[in-house]
Each structure stands twice: as C-alpha cells, then as structure tokens.
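Good morning, and thank you for coming.

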Amino acid sequence: MRKEYKKLMVIGSGPIVIGQAAEFDFSGTQACRSLKEEGYTTVLVNSNPATIQTDQETADSVYIEPLQASLVAKIIEKEGVDGILSGMGGQTALNICSELADSGELERLGVSLIGTQPEAIAMSEDRELFKETMERIGEPVPLSRSVTSIQEAIEAVKMINKYPVLIRPAYTLGGTGGGIAYDEQELVEICARGLAYSRIHQVLIEESVLGWKEYEYEVMRDSKDNCIIVCNMENLDAMGVHTGESIVCAPCLTLSEKDHQRLRTASLKVIKALNIEGGCNVQFAFNPANGDYRLIEVNPRVSRSSALASKATGYPIARVATKVAVGYTLDEIPNRITGTTFAAFEPAIDYVVVKIPRWPFDKFRTVDRHLGTQMKSTGEVMAIGRTFEEAILKGLRSLEIGVKGLDSITMTDEEITEELIHATDKRIFAMGEALRKGWDPEKIADLSKWDIFFVRKLGNIVAMENRIKNGPLTSALLKEAKYMGFSDEKISELTSRPEAEIRKERAASGLVPVYKMVDTCAAEFAAGTPYFYSTYGSSTEVKKDKDKMKVMIIGGGPIRIGQGIEFDYCCVHGVMALQEEGVKAIIINNNPETVSTDYDISDRLYFDPITLEDVLNVIEAEDIDGVIVQYGGQTSVNLAVDLEKALAGTNARVLGTSPDKMDVAEDRRRFSKLMDDLGIKQPRSGTGYSFEEAKEIAESIGYPVLVRPSYVLGGRAMEIVYSTDELKTYVETAVKVSRNHPILIDKYLTEAIEIDVDVVSDGKDVYIGGIMEHIEYAGCHSGDATMVLPPFTLSKEIVDEIVEITNKVALALEVKGLMNLQLAVKSNEIYMIEANPRASRTIPFISKATGIPLAKIGTKIMLGKTLKDFGLSGYKAIDHYAIKASVFPFLKLPGVDSILTPEMKSTGEVMGIDPDFDIACYKALTAAGNKLPMEGGVYITVNDSDKERVLPVAKELLDMGFRIYATKGTSTYLREKGVETTTVFKIDDNMKPNAIGLMREGKINLIINTPSQKSGPVRDGHKMRRLAVELEIPFLTTVQGADAAVGAIKIAKEQNFSVRSMKEFHTL
Amino acid sequence: MAKSYLVLEDGSVFEGEPFGYRETVVGEVVFSTAMSGYQESLTDPSYRGQILIMAYPLVGNYGINDEYSHSDRVHTRGLVVREYCKDPSPMYGGRTLDEFLKSNKVPGISGIDTRDLVIKIRTAGTLKGAITEDPEGIEELIRDLKRRPFPSESDLVGEVSTKLIEKYDFGKDVRIGLLDCGDKSGSLRDLAPRFNVTVFPYDTPADVILEHKVAGIIVSNGPGDPSHPVILNTAARTVADLSSGMPIFGICFGSQVVGVAMGGKTYKMKFGHRGSNQPVKYDGRVFITSQNHGFAVDESSLEGKDLIADQINVNDGTVEGLRHRDLPIFTSQYRQEVSPGPWDTSFLFDRFEKAAKEGRR
C-alpha cells in the first residue's frame, strides 16, 4: 500500500562521467514521473543541465545545484522534504545519502531514505560487510580481505596464497582506482592508487576469478518480500573485464536451466538479505570447469545494467522500483506494456539483445586501450535481433566507429594472439580476423576465454562473408545474408556493387525487414507497446496506420566524447513538441541508457542502428511524412544529404533547414565563400589535400595554425601546431591526408575570446537563445570550455555586432530550426569560426538558464510555425549568471594529458547558476568536481606572456592567506611585484623541494600552470598534471580559469550560499 | 537443403528445415515462453501428444545432459524452433539437441518465425498441427487435422502412467503414496529427500492404496484432460474415496484431478500456461512459478463445494491452487521444485510433510 509523504526528493547523478552516464537521467526521470503519477509532491536535485530530469515539468521543484551533502541538506530543509528516493542517482546519490545518514543530518531533518536503506548501501559497498552478509546467507564470495594500508595488502595476499589478485577500492564509481596485480610490485602500485581514491581509504584484496564466466541478474523486491528476476545477462568477456567494458547479451545464452535456477535463487537470497525494496543488480563469476560460482558484486540501486535490462525486456525497472519504494507491492503495479498484466512476473523475451560498449579511443589516441576492471567506455549501444549474429552485427554498425559489421582488420598472428589474451576494444574484430585466417574456434575461445558458442557464431558471419564474396549473389543467398543481419552496405562492399542497387534488388524481391514488438512476454499476451526492432521473418507487427502526420526524429546513438546526453535531451524535447502539435512522434535510436529510448516517450520507438538503410526502412514501414535530422548531433546531420537524395520522389522529406544549406555550413569551402559574400571575417584558412599543400597554406597564413580533418565531430584530431615540423608529425600520426580526406588549416587566433551563440530561426526571423562567453581563450574546444551566459566582459557594441552577424548567417542559410555559431573576438574584431546547422551541445544549458525551451520551439518551426507565433524576437536578457563547466575523464584514462586543447576531452557538464557571478562560478566549478581549497598552498608556474595577468590572481590568493609556491621564473617576477613566494625547483631539475614532492605531502592544494605556446612544454608539465589528477588537486591551465576560480574561492570564504529552484529563477 | 513444413488445421503452412528424427507427426500445437530448459520440457510427460513451439528463438545452446531429463524419454510429438544449435557449448558435455531428438525418434523443424506462430496460437487458441517433409501430402494432412480429435481426447494418462505398484525406500521415516498420472520420475526426484514413496498406477482403487499404509498421497502431474471419462472413473474416484482418510496434495494435472474429485469442473484454456514466469498470488504473496497446463479448474464450479481456490494467477485470474475447507487437502496448479522453472514454492511440500507426519501420529 501507498505510504504518505509530504515531499519526496530524487537525487540525480550529476555530470556524465565514465561509469555514470545517461542511464541515471533515464532512471531519475522515470522515478519522478512515477511519483507524480501517484500524486506526490517532488523535488529533484542534479547539477547536470543536459538532462530531462532537470526540466521544470519533471518535478514540482527542480534544483540545479552541486551535488554536495551540505547543499542537498539545505534543499531538504527549505522544501520540507521528508523522504529521499536514494537509489535513482547512481553511486553519487547513494554516497550523498550515506553521508547525510552518517552525519546525523537525516535524523535532524526528519527525513527517511526510501527504497535503499543506509544499511544496504553499507553492506554492498563495504566489502568486508558484504562478505559477512553473504557468508551469513551461505552464498560464496571470493576469498578476500579489506585493508587500509599497503602492508596489510601484502599480508592479505599471503592469506589468499596466489597471484594474480584483484584490488577493489571501496566507495568509488565504475571501479576507479582498481586493478589486477600479478606480483608484489604491481600490488603496491595499484593499492597506493586505490587507497587514495577510496572515500574511506579502504581497498579489498581479492582472490582472482579471472577467466571465469560472468553473469548478472536484475532483481526486484517489494515490502511483502515478493521477488522477481527482470532479466539475466551474460558477459561475453570473461571475469577480469568490467561488465561495463564487456560485450553483454541478454538473456544468458550458454547457461543451463539448472544453473540459471541456482543463480536465480542466490540472487533472491541476496536481495532479501540486503532488505532492498526496489531494484538490485547481482553479479556472479561462474567457473565453467566445475559449475562453482562466486558472488562478485551487488548494486543496491538501479544501474547501467538495470537500464539495459529495462530496454532489453520492456520492464521499466526504475518506474516499478519507485512505486515499490513508496509502498506498493509488485502485484498492485500494472504492467503498462501489456496493459492487462502486472509488474509481479518475470519478463520472457523472444529475441537476443547485445550490448557493446563505445570507447573513446578514437579520440584519445595515446590512451592504453586495454580493457580491465576500470571502465573506459563512455557509452554503449544495444541491438536486438532474432539471432545472435543479427544482434551483434546490428550492434557493431550502431557504434559509429566506421565499421559496417564485423569488418576486417589487418593483424599479424602475433597481434591477434595478443589481442585475444589481452583484450582491447578491437578484440571482436581480431576474432573475426582469426576466423578469416582459418583459426580453430577452440583456440580462439581458449585464448580469449569466450564461450566457444559465441566464437562459432562469429564464424557463421565470416562464412557468410565468404559465400557472398565468392558469389554469385542469388536471391536465396541474399535472403540468408539479410536474415543473418548483414547490412546492404556490407553486402555492397563484399560484392563491389552500389548499396542503392542492393537495396533496390532486395525491395523488388519483397525482401524487406519486419518489425517485431518488445512486449515483456514473448507474445503470450497481446500488447500495445509502441516499441519495435527490425528483423527478417514472416510477418510484421507494425501497422501502417495513418490517422495523423508522422514525423521521425533521428537519435544521437551512443554517448561518446563530443556527442553526449545533450542530443538525447533535444530528441526528447522534439518528441514532446511534435506531440503537442498533434503529430505522431517516432524515434529511432540505439542507446539503451537514454530517456529517448524509454518506450513511453515517443508514439513509436524503433530500437535500431542509425544508418541510411535502417532509417529508410523505418520511413517506409511507417510511411513517414517528415524526418528531423537536427537533434541527433553529427549522427543525424551526416545522414541529411543522403536521406534527401533517397527520399526524392517519395512523400517523406527532411524537415527544417534544407540538407543543401546544412552542407554549406558543414563544407568549409562553401561556408568560407558565404562568409566572404556576407562580409564576415574568418581566420585565414585553407584546405590541404597533401602535406605539401598544407605546409604551403600554413606558411602563408603564418603559424600557429589550427589543423583538423574535414567533417569531424567534437574536434576529433584537432590540434594547434606551431611549426612545419609539428605539422609534419600531425599529418604522419594523427590523420591521413589525401584527395578524399583533406585537412583544414585555420589561423589560430591567440588570446581571443571565444563565443558560442545558439539560435532558432524560421527562415525570416531569428531568435537568439543565448550568447555564451568562454572563460578560456579560443583554442580550448567549446565542449571543454567554461562558458558564461550572458557574456561578462563584452561591450554592448560587440554584443550588438554578434547579434547582427548571427542574424545574417541564419537568414543566409535559411535556417528553419536550430543553429549554433562559434565566434572569436580579438582586438574588437569578430571572427566566424564555425556554424553548426543543428541543435548544439549548449541547447539544454541555455534552455535551463533562460527558461525558453529552444528545442521544442525549433521543432514546431520545422512543422511550419513561425517565431511570431511564440512572440520571440531578438535575444533574451537574464538577470543571473549561468556557468557551464566541464568534467573530464583524466582519472580513468591514464595517458590522456589534462591540458585543454582544441580536441574535446570532457565527458559531461554541469551548470552553476546564481545572480552573483562568483557564486555561479563556485557552484559550477565544485559541481564539476573541482575541490577548490579554502586554505593551503598554491603552485604557480606560467609562461612569460601570462606573468603579468597572473599577478592580480597571485595577490588575491596571498591576501586570502594562501602560501604561493613558484618556480624560479614566475617566482622572481612575482617577488619583484611584491608577492611573497616560496621558490621551488623545476621537476626536471630533480632537486627538492619541487612541485611533485609538495603535492604528495599535501602542501599544494591548487595549481596554476599555463603551458608556453610551443608544443614541447605541453609534455613538460605532464607528470605534474597527471599527479594532480590522481590526487584530485584542481589544476588550472589558463589564467582566465585561474581568475574565475580565485573569485569563486573568495566568495566561498566570505559567505554561505542559498539554493534556488529553477522556478524561482524564471518567475522572479 | 531439405525442407520441412509445419502445417496447421486452419490451413496455414510454415516452411522450415527438418532436424532430429525424420517422420511426419501430428499433435496439438502449443507454445512455451521459457527461455531455457528445453530438455526438461521435452521430457515432461505433460507435453505428451503435443508439438511444442519454443518462443525463444535460440534452442539447444548448452546441449543435452542426462542430468536434466525429466523422464526417460521425450514426450512431445515434435519441436518447432527458430534456430537450433548444431554446436553447443561444451560446458555441459556438448551432446546436441539434434542427436537427442533423433535417438528419441522425435522430429524437429527449424527456421520458423516462432513469434509469428505464437501470435497465431494466442489469437486462435490451441490448434492441431503436423510436421511433415512431404509437400504433396499437405492438403490431405490439413483435411485430416480438421477431422482428427485433439490428443487430449484420448487416454493420454494411460499411455504414460506406471503399470505396476513400485516401492521406493529412501531411508526416511514416513512413507507416502504417489498416484502416478504420468510424471513418476520428476515427482520421485522431488520427494526422495523427504519420504519413502510407493508409486501407484493412476487407476489404482482407494482400498488398494489403503492396504499399503501410506501417510498421505500425492497426485502427480500428467498430460491431457482431467475430466476425461477414464480419469473420472479412475484417479478422480480414488482421490474422492481417499479424501477423508489422508492428506492429499495435487500437483498440476493432479490439482485438477483433486478439483474434479471434490465436485469441481475443469475447462480447456484458450492456449494454456506454458513457461517459467507465471505469477501466482497466494496468501498475499506473489510467487513466480513454472507451469505447463492447457486445462484449468473453473472457479465458479466450486461454489457450494468444500474446495476454495486459494491461489490465483496474477495475469489472468485463473485458479492456481485449491484448499479444502476442513481436510488436509490442497493443490497447486504449478510445478514444485522441478526444472524448468523457479524454486520459489517448496513450502507446499513442507506443509504436506507436516500433514503426513501429523496424520501418522
């Protein structure tokens, strides 16, 4: 039965980081909707503006504030919250809850945790308690011991009596700081790191179950002790590879019924022992040699896996967990998929689900690509098929890594062997290659520890490739290939025939995909769920109902660096706007973490790859009228031109800005010409089709220049080069330059202020959603830069000119919908850097900051409305500051330099919002995870041109009582100007004291280090930056950033902040 | 490639490929939504006379292992799958489904859009069907299917029940009887840890059972129609006669037999319950159960009788268990402690054990 609460709070998970992605927007949003449905008053707090859950409509009060226990307590007190749904915001929310419980705040405020209790959090997170609990209920766990020092760790290994051992830090995200040690030296190294990351300075030393199979169970339980399993999942990669890094299938495919029941029963025992009312994830290691199993991990909350299980089965775990948390029992909660049954059942599915992680190694070329217990992937794709082959092939082409399936990769036998033993992101392709070379599947399975079942499945794919290659492509063979999941594009590659021709031939013989429903019950009951996937078979379940206009929104695919949750936010808003206009909204997407792939968001959800073939198939199956390509980031924009071509002569068309005009913005040459015509300045630039050409252009423009390949996303492979030598290195290592793949060369504007502008236009009028000024100078990717809305240093004249330029460009490109511009201001001159004819990363940020829902307005304009209909014109002034700060994956990706460059590195963002600039800045920086010190030491080492600018910063710090450390050059300068400093040696001098030693001793709590404008020094400070990342010392690489941080520290020392809901911001 | 056809009485024909034993078979076409446990299902006597469609598209992945068999042979007439695994994971021995069906002389058909088929049966109700490799004979087969009675109209229990009284001593204190409607081995495996067991053929009269001095009787699972005249005159009559004398526990088919014996009526369900995810509400709690039945006790027929339907299916409200108002007689429509399916409900065995021990005292 429902329990009464005055007000319930849902805590979000903050910015997207590796290990905590969009899945918690999905769960938090579901939770809020679920609570609203029950009539509860809700409060939501999250620092991430790019989420659906921070929309004002999601909860009664929404706070975009840093996720810190003290601020959360303020909100609780202000709002009169008496219950917190603890399990919806990942580890971040659980940690805040246990902090509030431990400090007695919960008791003081009279608020209770619902769903997951503090005891359950402790039991699952504190490895020792977990072990005790499992031993009490008779479930086996690996031999282990919790330790708090390296000496104890060495003792623990003696007890376990064999290497390798696993090191797992307590209370961290996504296994941060953990690892596998094969000897004592490695043990010492990893333990030191792990102890540092653990919130309670504790790591677990554990018996290795490397090479065992890994299975996961998603369990639900209610207050009456009713328990069900939503889904089980099999990791294709054996123990040793984090489940977030593993290819996973659902349901388990190689587990016998009896063993399934053993693990199922164990899972139920676990959730009962933890007394969880809601959802829980249980992970097992299973020894294929003898059937032994060990309980590896329990997550007493919804998780990435539960989001996957929800999408894989159609069972909405977060929604049901929420209802259970407020007192309902499973048999009281209707199953909305079938409409006739209840949540008290175990879903039966009749397809294969495959999840594949999406790694950022395409952007971080220097990172160690090996997969282990530390998560490195930023996102994932899910694919559904009626065979494993079909599902895995759909999954691979959903990744958007330039493969059409199980593509060939050139590797020597030695490389393959190495890849099979020590997996990287390429392992599955190495398996394909091994099979092509005729390796025995047994050998591949043995080396990789994959079940041979899956290796043979890949073997079937390779065999089919050969049959197609050898030809002829009879209609029977084509049918077989399509049933196996081969894309037209792949068949085109294998037969050297145009893709369009294959498609035509296929259609002519009636070989078109059918769409099957995801219905939780394997068709046992008739369901009305609008959730489909494509496959080949005898009949389709999609009816071509045409009662209203139908518009499809193309989603953004997997979350990766450069394309994050912001695009999913836009897609969801697009859907809402379509529905508001009485149009049927159809989504195609393949990311299981997101809100857009929640089956009750759109009128119809197609869980499919986003390729031309798959998109066209849905358009045909549904008889779609319009397609929106502006909201799925570069994924959908890249399809625009081809789609328009393919749709010529049909009823369907691309809505909004024409693909040709989009191409003008995307194509540097066409765009440059337009800028010239409009009289808008651009940094001098050119396109080089060979190294020689590039060199000539660079020399004529003058170094430094910004170089990048054409058509890229998130500044991939973008660099500033300062000399011909560097240009040569770039061309040789980063990109291949050729006739078809030219590189773009732009003059790099030093010390220029960078501006982002987002607009919505109907082709006649333009509304500027926001003008954002970057804190860092141009040269730092706009996805990484700290941005301020509204501009905080620009004169009115400059702002007016920006408005004018923006209007000109929007009208010239006949933008219908959204567009983003990036501009630079130097010496009062404005330069156009680029135009993106689509929704940008900053759309949700601006919409939250101004209260104007740009993505919705853009959608309605694409349907034919005008800005006048909304009464919008010019640009909206706001009386507060909203600051966007980025979060970076440096901690989890050793090998990535933490310096900010034109290449985007951040995974997510937060918003700090306040009427006071410095407070907004403090909120943004702390929400982004910077531990701004209130006292202690600051290390300053800046290049010559920054010395003058850093002086006031240093003075301010000194006045606040900080001790200043500096290397000789900076120190001398500062002293001359009257700032007392302690001189330390350069790191390369190998003398003490130096920064490294002082950092380790805890004497340095903030670092200001600007690299000199030559590329060498980028590497110089690397060691220090790496250590700063590991020790979590805020590290500022620009003087502007330092200035902002110092302002933030000052204000934080002076006053206590208040919290303010979004409603309060927008109604004041 | 050889072709095989699944033919239904409504005239629809699905083309696939043959595997297992090569023969034309006829049966009642039913589907199961269980995602694993194919071997357990195939060897479950309740599937006697039926052609089983596996809703899950990949079947046979982990091979066949003697440990998992529910009885000594395959009882289904045929098996329909989307895809069967020719090369199973070696983890459980690596014997294939194909070999297993061959050695049991049961044909299979693969390459069928089984979801399409499930939807057909869900909509039309259980249909008679056949698997054949002879395209010429299809028309004749359809005519024959229309004419032919459902397998459940014959005495299926008689085909599978034990013929002789058998005594099993497991070194326990209490001896109970098992009235075998066709699932002797599965039941024995579950009873062995608790009781010594005497197995009686389904048509054993009550006085014979009484002579054997058992402390209680379990009416086992089995195939077919519980209201078949043969059952009414044998197992149901025996149960009625024993009802005042000892604790009785009816399982699955046995539950329906108890229902009929105590005056209730049964009916044929549209397409039955087959799978391992059926939610049953009992005493305020929900249990996930494994089921395989095409008939059910009609709750309204219990009005004015001594039986109460105390367990109900959460999905469709059908009767899942019965309890006598006064006597230690109870039933469950789902399986207890047997694969395939969850092991959530072994407490009913505890209750029977208690009743049997008390009765003995």
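Predicted model: local features only at pLDDT ≥ 70, side-chain atom pairs only at ≥ 80, totals over all residues.

Which residues have the most contacts inside the largest nonpolar core? They are Val627(A), Val219(B) and Val257(B), in a core of 443 residues. A nonpolar core is a set of buried Ala, Val, Leu, Ile, Met, Phe, Trp, Tyr and Cys residues joined through C-beta atoms within 7 Å. A residue is buried if 20 or more other C-beta atoms lie within 10 Å of its own, exposed if 12 or fewer, and partly exposed in between, with C-beta atoms placed from the backbone.

Residues are numbered from 1 along each chain as its sequence is written, and chains are lettered from A and ligands numbered from 1 in the order in which they are written.

The helix that gives the most to this core is α20 of chain A (residues 565-580), with ten residues. Helices (H or I, at least four residues) and strands (E, at least two) are DSSP runs, numbered from the N terminus. Another core, of 16 residues, lies apart from the largest one and includes Val157(A) and Ile190(A).

Let us turn to a sheet in chain A. Seven strands form an open sheet with mixed pairing, in the order β17-β18-β21-β20-β19-β22-β23; two strands pair if DSSP finds at least two bridges between them. Strands β17 (514-517) and β23 (653-654) of chain A stand at the edges with a single partner strand each, so one side of each is left without a neighbour in the sheet. Within the sheet, β20 (residues 584-589) and β21 (residues 604-607) of chain A run parallel and are joined by four bridges. Asn589(A) stands opposite Phe607(A) in β21(A).

Next, consider helix α37 of chain A (residues 1022-1031). Its buried residues are Met1024(A), Arg1025(A), Ala1028(A) and Val1029(A). These residues lie on the same side of α37(A), because they cover an arc of only 140° around the axis, taken from the directions from the helix axis to the C-beta atoms. Just after α37(A), Glu1032(A) takes a positive phi of about 55°.

Finally, chain B is divided into domain 1 (4-153) and domain 2 (156-360), with bounds from an automatic or database domain assignment. Their C-alpha centres lie 27 Å apart.
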